[in-house]
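Take a short walk through this structure.

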Amino acid sequence: MPSVSKPPDKITPLKIDWEKYGHLFKEMIIPAKTILLHEGDVSKNAYFIKEGCLRLWFSNNGKDVTFQFFFENEGVSSIESFRSGEPSLFTIESVEPSVIYMISKKSFGEIFMDDPESNAYVNEIIYKRLSHYSRLFMSYIKYTPEERYKELLKNSPHIIKRIPQHYIASYLGITSVSLSRIRNRV
């Protein structure tokens with residue numbers, strides 16, 4: 001895993017001074033279905049996606065429940081575990097072959113103690129993620145699976161195009177068979 005010494009082409013939205021901090025990131029090229037963090041382990045790294053897709057999922061009585069997808073130009077970690085040292089509530093896994101940049105908790109801390117602009121940027125990302133979780137939680141209470149699928153189709157068509165059906169079904173809280181029926185009706 002070579003270290004990165006210049007800004008990666010596709011993760012420029014990450015507000016990091018790459019000349020100063022690029023050496024703290026390690027590039028990883030990973031195949032699909034690579035687990036970066038297991039549910040119950042303590043998160044020691046954060047990841048930024050140059051190419052590909054990662055998903056967060058947890059096990060519910062032996063069934064995978066997908067919680068969120070992350071794509072190019074997005075960062076992901078088990079934020080709660082990364083900050084607190086508590087066991088992660090979920091697994092982080094690649095859905096597609098991916099190119100990611102990994103940074104350790106220690107290196108992450110060095111950047112954000114030294115760079116208030118990056119710190120503010122990460123706080124904004126955390127706020128957006130919490131907002132996503134709130135909307136997802138409410139959608140399970142307020143909407144039927146078909147309504148959730150239509151909303152996903154409207155607001156995130158890239159998920160429908162790129163993600164295997166069984167992961168989408170898991171994300172919507174339904175079976176693949178139910179998702180097939182919904183797709184036929186819609």
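Start with strands E3 (residues 45–51) and E8 (residues 98–104), which pair in the antiparallel sense over six bridges. The model is a predicted one. At one place in this pairing, Asn45 stands opposite Ser104 in E8.

E3 has another partner. Two bridges join E3 to strand E6 (residues 75–76), and these strands also run antiparallel. Here Phe48 has Gly75 of E6 as its bridge partner. How much of E3 is covered? Strand E3 is mostly covered, with six of its seven residues buried.

In a regular strand, side chains alternate between the two faces of the sheet.

Now turn to Phe82. Its place is in helix H2 (residues 79–84). Is Phe82 buried or exposed? The relative accessible area of Phe82 is 5%, and buried means under 20%, so Phe82 counts as buried. Leaving out residues up to four places away in sequence, Phe82 touches Ser43, Lys44, Asn45, Ala46, Ser77, Ser104, Lys105 and Phe108.

Next come the rings. A search of the whole structure finds five aromatic pairs. One of them joins Phe69 and Tyr171. This pair is tilted, at 5.4 Å centre to centre and 55° between the planes. Phe69 lies in strand E5 (residues 63–70) and Tyr171 in helix H7, so the pair ties together parts 102 residues apart in sequence. Both Phe69 and Tyr171 are buried.

Phe82 returns here with Phe108. Their ring centres are 5.1 Å apart and their planes stand at 85°, so this pair is edge-to-face. Phe82 is in helix H2 and Phe108 in helix H3 (residues 105–114), so the pair ties together parts 26 residues apart in sequence. Phe108 is buried, as is Phe82. Elsewhere, ring pairs link Phe58, Phe67 and Tyr133 into a cluster.

The last stop is a helix pair. Helix H7 (residues 165–172) packs against helix H8 (residues 176–185) at an angle of about 95°, with their axes 8 Å apart. H7 and H8 are therefore roughly perpendicular to each other. Which residues meet? From H7 come Gln165, His166, Ile168, Ala169 and Leu172, and from H8 come Ser176, Leu179, Ser180 and Arg183. These contact residues divide into four nonpolar, four polar and one charged.

Key. Residues are numbered from 1 along each chain as its sequence is written. This is a predicted model: local features need pLDDT of at least 70, side-chain atom pairs count only at pLDDT 80 or more; totals for chains, interfaces and linings use all residues. Side-chain values use heavy atoms; hydrogens and water are left out. Axes are lines fitted to C-alpha atoms, for helices over the stretch in contact, and angles run from 0 to 180 degrees between N-to-C directions. Helices (H or I, at least four residues) and strands (E, at least two) are DSSP runs, numbered from the N terminus. Angles under 35 degrees count as roughly parallel, over 145 as roughly antiparallel, 65 to 115 as roughly perpendicular and the rest as oblique. Contact means heavy atoms within 4.5 Å. Ala, Val, Leu, Ile, Met, Phe, Trp, Tyr, Cys and Pro count as nonpolar, Asp, Glu, Lys and Arg as charged, and the others, Gly among them, as polar. Buried means under 20% relative accessible area, exposed over 50%, partly exposed in between (1.4 Å probe, protein chains only). Two strands pair if DSSP finds at least two bridges between them. Rings of Phe, Tyr and Trp (its six-membered ring) pair if their centres lie within 6.5 Å; planes under 30 degrees apart count as stacked, over 60 as edge-to-face and the rest as tilted.
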